[in-house]
Each structure stands twice: as C-alpha cells, then as structure tokens.
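Hi,

Here's the structure I promised to pass on.

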Number of protein chains: 2
Amino acid sequence: MEKYKQFGFKLTPQRLAILNYFNGNKEHPSADDIYRAVSKSFPTMSFATVYNTLEALRNKGNVLELTIDPNKKRYDPNTMPHHHLICVKCKRIIDIHKEFSVSVSEDMTQGFDLIGNHIEFYGVCPKCKSIALS
Amino acid sequence: MEKYKQFGFKLTPQRLAILNYFNGNKEHPSADDIYRAVSKSFPTMSFATVYNTLEALRNKGNVLELTIDPNKKRYDPNTMPHHHLICVKCKRIIDIHKEFSVSVSEDMTQGFDLIGNHIEFYGVCPKCKSIALS
DNA sequence: CTCTTGACAAGAATAATTCTAATGTTATAA
DNA sequence: TTATAACATTAGAATTATTCTTGTCAAGAG
C-alpha cells in the first residue's frame, strides 16, 4: 500500500530518524546539527538527505527555516506561530509563545499584501551573562 | 592632520564611494550589490574592501547587518530603530517606521536580559502581485 | 627621507548549501 | 514472482557567500 501517499512523503528510516530528532526539539538545529545527530544511528547519512528531507518537510509546512543566524540556516519543527529570543553571544534561540498586536497602517505597507510577521527579541542568556562576569 | 581620528576611520575614495552609495539608500543592498555599484567608479574595487568597510561601519554602528535573506547578508544604512516588511517572492525589503509595544513577561524570557527586538513583516509586493496575475 | 600604520587588491581558503550521477529500495502491475 | 516505475539515498563535485592571507601601496609623523 502506498501508505505515504497520505503525506506525499515516503517514510524512510533516515527520514524517521530526522523526524525523531525533531520531535519535541526546542534547539532550532542547523543542517549540520541534524546531520551529526542522525549520523550516529545512520553512519552513511549524507547532507543531501538532510537537505532533501528538510525541503520536503518545509514544503509540507512541517518545519520552518529560520534566517536568524547570520552563518547558517536553522530549522524549527514547531510550526505553531511564535516568536524567538536570541542570545546575541552564543546564538541560542528560545521560543516566545505570545500574541502581539502589531498592526500596520496601509500607508506604511506601500501596497504590499501582508501575510504574517515574526518578532526577534535580542538578549543575553543566563549562561553568557555568567561567563561575562568571570 | 589625522583627520580620520575623529571617526577612527580613514576616509579613502573607496570608502567614500561606498558611503555615497549608502547615502539615502533604502534598498538594503547585499555585499554583491555594493561591489557592483561601486565597481563602476572603482574598477579595481575588491570584495575584501567591501567587506572590510562594512565591518568597520558596523563596528562604528553606522550600518546594520540584516539576516533576513536566507541566501546572503543585507546591509541597512538606516540605523534608526525600525522594522522591515519583506516580499516573500522577490525579497524586496521596505522599512516600517513605527514603535510597537511588545513587552514580554519574565517567565517567558528564561533569565535572558533583553536588549531589543526587531519585527519582520512578510507580504507580497505590488510588482509580484501583478506578475502572479499574468 | 624613512618609518609606521592602516588600506587595498588579488586570489586562496573556508563553510554552507545545492547539484549531479549512479545506485538502491519499494510497491504495485503484469 | 518478477519487472518496472517512482522515488530515495549516497558520495562527491560544484556553487555561492564570506573570510583570510599576503604583498603592495599611500599618507602622515618624526
């Protein structure tokens, strides 16, 4: 049976391992993080598979690509609308689950159709604060 | 006279050209955009100079590095606090000058010290809307 | 004039990501 | 059961943005 037709997504062991790694993950991992984690159980895992899977998941709307980190893309398996708080030192990202009303008047949007928004909060995490002291 | 000591920044012709290109620029250009534009008047311009100048300006707080575009960094010479509206199709970025009150409660910040925030609005620009119709 | 400092240019090096081509897997149709 | 079609996987090459290295240059200080 084409059991994956429901998803349009074949559930291979590699993909399951990636999904499993994502499940409940709040770390906003990079492709490299995912590659390294999943390589433990699948030593032949390749980056192509990681990126292919990420793109498939992204098309299905099951993962978000974050452009928060200047060096690399991060991925967020939590697709509920939420915002992020980023440590400017270690780049750790935590979720902010709260609705903000940030309406913009027509004359500011210059004819754009608005789709959504995302707030990035910047700060220093407890760990980096304590390092700064020493 | 070390006329640049005021800035800690030597005003060379190349840098002036970059600053000139930035002046009043609302396009949020990439390093490549800058390189191409300034190359017209300085054919020997190198990327090293572009990136060095950008880093110097960034350290002086005269330019912001935007991590909005997944493919490359964009630079914003407008350092007044403001937000951005991004066309999800062509990646054009326009400024949103408005203050929003987006306060977050202590229990959401997990011990982070908050520094600031930045809102990204997503939408479709008029040009891309009209292309979509055809 | 000479020395020091910082800037410039060219290209090499790096890092993240995407692409390519060959091979492997699986589910169904014959 | 076997062949086939469709899709996944892999390794590595290619690409792209950025950073680094090295040698050269120019301006100002002494």
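**Contacts with DNA strand D**

A polar backbone atom of B:Lys73 sits 2.8 Å from a phosphate oxygen of DNA strand D, a polar contact being a pair of N or O atoms within 3.5 Å (within protein, one must be able to donate a hydrogen and the other to accept it, and residues adjacent in sequence count only if both atoms are side-chain atoms). Before you go further: this is a predicted model, where local features need pLDDT of at least 70 and side-chain atom pairs pLDDT 80 or more, while totals for chains, interfaces and linings use all residues. Residues are numbered from 1 along each chain as its sequence is written, chains are lettered from A and ligands numbered from 1 in the order written, and side-chain values use heavy atoms, without hydrogens or water.

Of the DNA strand D atoms within 4 Å of the protein, 84% belong to sugar or phosphate. α3(A) gives the most to this surface, with three residues (helices are DSSP runs of H or I, at least four residues; strands are E, at least two; both numbered from the N terminus).

On the strand side, β5(A) and β5(B) run antiparallel, joined by eleven bridges (pairing takes at least two DSSP bridges). A:Asn117 has B:Phe121 as its bridge partner there.

Cheers

Terms used: A residue is near a molecule or strand if one of its heavy atoms lies within 4 Å of it.
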